[in-house]
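Q: I am new to this structure and would like a close look at one part of it, the nonpolar core. Could you take me through what builds that part and what lies around it?

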Amino acid sequence: MSRLDETRPFIALSIAVMTVSDTRKEDQDRSGQALKDRIEAAGHTVAGYAIVPDEMARISAQVRDWADDEGIDIVITTGGTGFTGRDVTPDALEPIFDKHMDGFSHVFHRISFDKIGTSTIQSRATAGLIGTTFVFVLPGSPGACKDAWDGILKWQLDYRHMPCNFVEIMPRLDEHLKRGGGKSA
């Protein structure tokens, strides 16, 4: 069972948050704010924040810029994971993932099912790795963002979380790039 090893030090990460929306402004962005609040409460740093319209090119460009920034460890997006015509966030990002994280979607949907039942299937939440940067693609509702952070990300982004976490493997994330197995340089 998972636990925190209090003998290990906490390692703060730099996390960028992107809200995908054609209509939201920063003062209306409850989902982005929920993520920023949780990131800071956990002891991490919000290293970037943007509201980007539901346009594939702009979504992928912003995430790629952050993934290329050595000062950013993690990117979390919120919004655009549904099935309507403007919901294009997974479509914009999955093609640029060097590695896909199928387990994230499975665990997210399990947690979400306990809260909203079968409505969870209306989300295409996903995650992956671009170069050495983890990217998590969340639905646009504040509840979904809270569930993803509280149930998954808070723990996997804490070096003290046992039996394993993303922080402890971060120094080795470029191994697939050095072997020629990834698209990023």
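A: A nonpolar core is here a set of buried Ala, Val, Leu, Ile, Met, Phe, Trp, Tyr and Cys residues joined through side-chain atoms within 4.5 Å. In this model, which is predicted, the largest such core has 28 residues, and the members that touch the most others are I74, I76, F104, F134 and F136. At least two residues of this core come from each of β2 (14–20), α1 (30–41), β4 (74–78), α4 (102–116), β6 (126–130), β7 (133–138), α5 (142–156) and α6 (166–169), and it is α5 that gives the most, with six residues. As a general background, nonpolar side chains in soluble globular proteins tend to be buried together.

F104 shows how such a member is surrounded: leaving aside its neighbours within four places in sequence, F104 is in contact with A125, T126, A127, F136, V137, L138, A148, I152 and L153. There is also a second, separate core of 19 residues, and I59, V88, V135 and V137 are among them.

The strands named above belong to an open sheet of six strands, which has mixed pairing and the order β3-β2-β4-β7-β6-β5; its edge strands, each pairing on one side only, are β3 (45–52) and β5 (99–100). Within this sheet, β2 and β4 pair in the parallel sense over five bridges, and M18 has T77 in β4 as its bridge partner. Helix α1 packs on the sheet, where it touches β2, β3, β4 and β7, and the direction of α1 makes about 170° with that of β2.

Definitions and conventions: Residues numbered from 1 in each chain as written. Predicted model: local features only at pLDDT ≥ 70, side-chain atom pairs only at ≥ 80, totals over all residues. Heavy atoms only, no water. Buried < 20%, exposed > 50% of the residue type's maximum accessible area, 1.4 Å probe, protein only. Helix = DSSP H or I, 4+ residues; strand = E, 2+ residues; numbered from the N terminus. Contact = heavy atoms within 4.5 Å. Pairing = 2+ DSSP bridges. Axes fitted to C-alpha atoms, helices over the stretch in contact; angles between N-to-C directions.
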